[in-house]
Amino acid sequence: MSRQKSADESLKLYSLTATVFENTSSCFSRDTVRSSSNLVAIGIGAGDVATLFTLGRRIGNWLTAPLGDAELLALLEEDEFDILQRRGIIDMARFQSRWNSSLKLLENGNLKHFEGEAVEALLRKSSRFTAIMMCIVAALDEFASASTVRGMNVDCRKLHDGLLKDDVVVTGFMPQDDSHEVADFLYWLLAEKDQVRYTSSSDVAGIAYCLCHLSFEILTVENFGHSPASGTGCRLVYNKAPLFTGRETGSSDSRRNESRRGLSTTISLTQPEETFSTFPISRELATTCRMAWEEGAKAGESVHLGPGEPGQTGFTDYDLSMRFSNHGTPVPEQRRTDTKISRLASNLAVFNSQEVHEGLGQVVGRLSSEVLLLVVDIVRASDESKVKALLSDEATLEAFTSCQAFFMGYYYRIFSEIVDISLLEIKTVSGCWGYNSASFLRRMEGFFQGANSYYTGPDRKDVFLASRTRVLSILANLYTNIDLELPMSPLGTRPSHKELCVGIVGKRIILTKSLIHACKTTTEIAQFVLLDSDSGSIPRTVNGLVFTGIPSPFPTWEGESPKVCDSIIPTGPREDCTRHIEADWDGVPERLLLCIRYKGRRLGSLNPGHADLNFWNATIASQSEPRPRAFSGHECELDDFVISSRLVTPGRHQPQIPVVVHSKSAPTLRYAAAAWYSEACDVVMANQCLWEAMEYWQGQNGVRRLGSTSVALIG
C-alpha cells in the first residue's frame, strides 16, 4: 500500500468515526487514526474498525487499551515509572518480538490470523505500562475471573491445564479471601525492591508462573511446577507443603480449602470423564466418578435435544422453543419399586428411563437407601447450613460425589448436541459447579419444573419444551462459568423489536450459531458456537450478555403492482450474501444486530433472535417429490434488495398472488429474506416445490400473521 493510499484510508476512517460519534464526547487522537490505518492496511473493513474503537471506548478492549492507560496516567498526573518502580520487569524488545507479530480475530465465522509489518506497527505502540497490564490480566483471567487477540490467553490456558494435570494447583477460582494475597504480590512485583517473597498460595504461585512464561523474565517461581530451582533477582518462593495431605483418602483440610474456592471446574471436552480426578477425593472414589461420568453420558444418549417441530410455536411466540425428546426405554414396573433409584432419577433426570435406572444402579446400586435418600435431600434443600451438615459425613459425601459425576456426565452429553466446539483452539471449558456443592444439581431440578417450560406427549413425560433463552442460561453455567437467570423479553413489543439474549461473553464466548454461520436447517438454527477468540467487536452489557437491538425496517414497494410471471422456476444468485455482527448504532450500541451485505454492499440489518424464530416457523417438511407444474406469482431477486432496497410485495388488487424470493443455494439471503418479509406478510420456505409450500400456507390459513392475505415463498 502506498503512502498516499494509506493516508487516504486514514482520512476516510477518521471521517467515518467522527460521523458515527458526532453526538458523543469521544474524540480520536492521531495515534487512533494511525492505528485505524494499520487495521485497514491488514484487511479489516473501516466499519469494523469503527466498531472496535467505539466498543473499546465503552467497555474496553485490546485496541483501546493503550489510549485508556495513557488517559489513566494523565488523570493521576503520574508517570508510569512512578507506579512501576521495579526496573527490568519486562524486556520490551522480547515482548514485542513474541507477542506483536500476529493477530487472531473472528471474521465471518472463521478464525483468521493476520501477520506482517502492518500488524507489527499496530501492536508495537503498546507502552511498557500497557504491556505489563496485558500480561497480568491474562494471568489473572485463568485464576480469578472471566486474553486478547495476541494469543496470551491460549498460552495461559495451556500452562494452567498443565499445572492441573501435574496436581500442582486445584480446580476452581481462587477464593475471594485470597485476593489480598494477589494484591500484595503484584505490589511487591511492580513497586517494591525486595528480591525475594514467600507465598503458600498455589493460586498466587500459578499467576506468577504464567507471568514468567508470558514475558516477565526478571521473575522466577521456585519450588513450583517446572520452574528452575533458582534464578533472577526477583524470586517468588512457594512453600512446598503438600496441597492435599493424605491424598489417598482426601483430608478434611483439603476439603475445607476446596469448598472455599469459587465454583469453577475445568472440563476437558476430549476427556470429560477425567474431570473429577482433580477433586480432593481418594483414588478409589476418583475411579468410581470416572465410571459414573461414562455411565451418565451413556444414559444421556437416550435424550435428544433440538428445536421444536418447524411451523409450531409451542408455548411462546417470541423465542425459539427447544425440545427434549425421550428416546429411552420405559422403566419396567418392578424397577419403579426401587425407591432409592427412582427418587434420584425422577428428581434429576430429564426423563425417568430404564437407561438412567441401569446407569445409576451401576454407580450407586450397592449403597443403602438411607444414604441415597440423603443425597436427594441435599439436592432439594434450600438451607445451605443443612447441606454442609449432611456433607460433613464421609459416606454421604462419597455418595453425593458419585451421583454428581453421573448426572454431570448425563447433562454434558445431552447439551453437547447443540454446542459446536470446532472453533475452540483449546478444547477445555470452565463450568460453574464444583466439589462439595449441590447448587447446579438443584438448579437443574428447578429447570425441569420452572416457568416457560413444560412436559408434553403421551403420559406427559415423552417431550419437554423450554425456551431457548432458558437453555442458554444452562449452557452459560456448563461452558462459560457464568451462573445467572437470563431475563425474558418484555411482552407487547413488535416481533423484530424483541430484546433476546443470543450469547454470553465469559471465560469462553458462546453465541447462537446463526450469528457466524450460514445455517441451512432448523437443527443448525437451534445450535450454539463456542469460541476462545477476541471478543472486542461483540456488543454486550457490562455483565457479558449479548442482547439483540432494533433493526431499521426494510421498506416495501409502494409503486405499481409488480408483474405476474406465469412459469416460475426457483433460482438463486451466483454468490451468497455475507453476515456481519455490528452494534445497534441508532439505538443502544451495547445491543447487537446482524448486518447483511452483498459483495460489501449493505442490504439491511436484522434482529437475529427474531430471524431465527421466523426461519424456524417458516420451514416445513417436504411431504412429496417435486411436481413439474407451472407456478404463477411475483418474483423477487437479489437485485431487488441490492438496487431498489425494497421488498417486492403483492399489489392491493391481487393480494392472494404469492411472491417468490429466488434464494436457491444462498442460505444467508434465504435467512435474511425470511426475517424481512415476516414484517410484511406470511412466509413459507419452499424447500422442494412451490405448489407444496403454497398449499401448506392455504391449509394453515397463514403461518405467522393472523388474518394475512398474502405470502412470500422463499425458494
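Q: Let's start with charges: how many salt bridges does the structure hold?
A: The structure, which is a predicted model, holds 11 salt bridges. One of them joins the side chains of Glu384 and Arg442, with 3.2 Å from N to O.

Q: And where do Glu384 and Arg442 lie?
A: Glu384 is in helix H18, which covers residues 384–391, while Arg442 is in helix H20, residues 439–447, so the pair ties together parts that are 58 residues apart in sequence. Glu384 itself is partly exposed, with a relative accessible area of 41%.

Q: Which residue does Asp483 form a salt bridge with?
A: Asp483 pairs with Arg443, and their closest N and O atoms are 2.7 Å apart. This pair too links distant parts of the chain, since Asp483 sits in the loop between helix H21 (468–479) and strand S13 (501–505), whereas Arg443 belongs to helix H20, 40 residues apart.

Q: Why does Lys513 count as buried?
A: Its relative accessibility is 10%, and buried means under 20%, so Lys513 falls in that class.

Q: What else is Lys513 in contact with?
A: Leaving aside neighbours within four places in sequence, Lys513 is in contact with Asp420, Cys519, Glu524, Gln527, Phe528 and Val529.

Q: Switching to helices, how many residues does helix H17 have?
A: Helix H17, residues 369–380, has 12 residues and reaches 17 Å from its first C-alpha to its last, which is close to the 16 Å expected at 1.5 Å a residue.

Q: Which residues of H17 are buried?
A: The buried residues of H17 are Val371, Leu372, Val375, Val376, Ile378 and Val379. Seen down the axis of H17, they fall within an arc of 160°, so they line one face of the helix.

Q: And what do they pack against?
A: The buried residues of H17 pack against several helices, namely helix H15 (339–348), helix H16 (354–364), H18, helix H19 (394–415) and H20.

Q: How do H13 and H16 sit, parallel or antiparallel?
A: The axes of helix H13 (residues 283–300) and H16 come within 9 Å and cross at roughly 175°, and the two helices are therefore roughly antiparallel to each other. At their meeting, Met291, Ala292, Glu295 and Ala299 in H13 meet Glu355, Val356, Gly359, Gln362 and Val363 in H16.

Q: Last one: is Ile643 buried or exposed?
A: Ile643, which lies in helix H24 (residues 638–644), is exposed, with a relative accessible area of 66%. Ile643 and Arg601 are 42 residues apart in sequence, and 9.8 Å apart in space from C-alpha to C-alpha.

How values were computed. Residues are numbered from 1 along each chain as its sequence is written. This is a predicted model: local features need pLDDT of at least 70, side-chain atom pairs count only at pLDDT 80 or more; totals for chains, interfaces and linings use all residues. Side-chain values use heavy atoms; hydrogens and water are left out. A salt bridge is a side-chain nitrogen of Lys or Arg within 4 Å of a carboxyl oxygen of Asp or Glu. Helices (H or I, at least four residues) and strands (E, at least two) are DSSP runs, numbered from the N terminus. Buried means under 20% relative accessible area, exposed over 50%, partly exposed in between (1.4 Å probe, protein chains only). The expected span of a helix is 1.5 Å times one less than its number of residues. The arc is that of the directions from the helix axis to the C-beta atoms. Contact means heavy atoms within 4.5 Å. Axes are lines fitted to C-alpha atoms, for helices over the stretch in contact, and angles run from 0 to 180 degrees between N-to-C directions. Angles under 35 degrees count as roughly parallel, over 145 as roughly antiparallel, 65 to 115 as roughly perpendicular and the rest as oblique.
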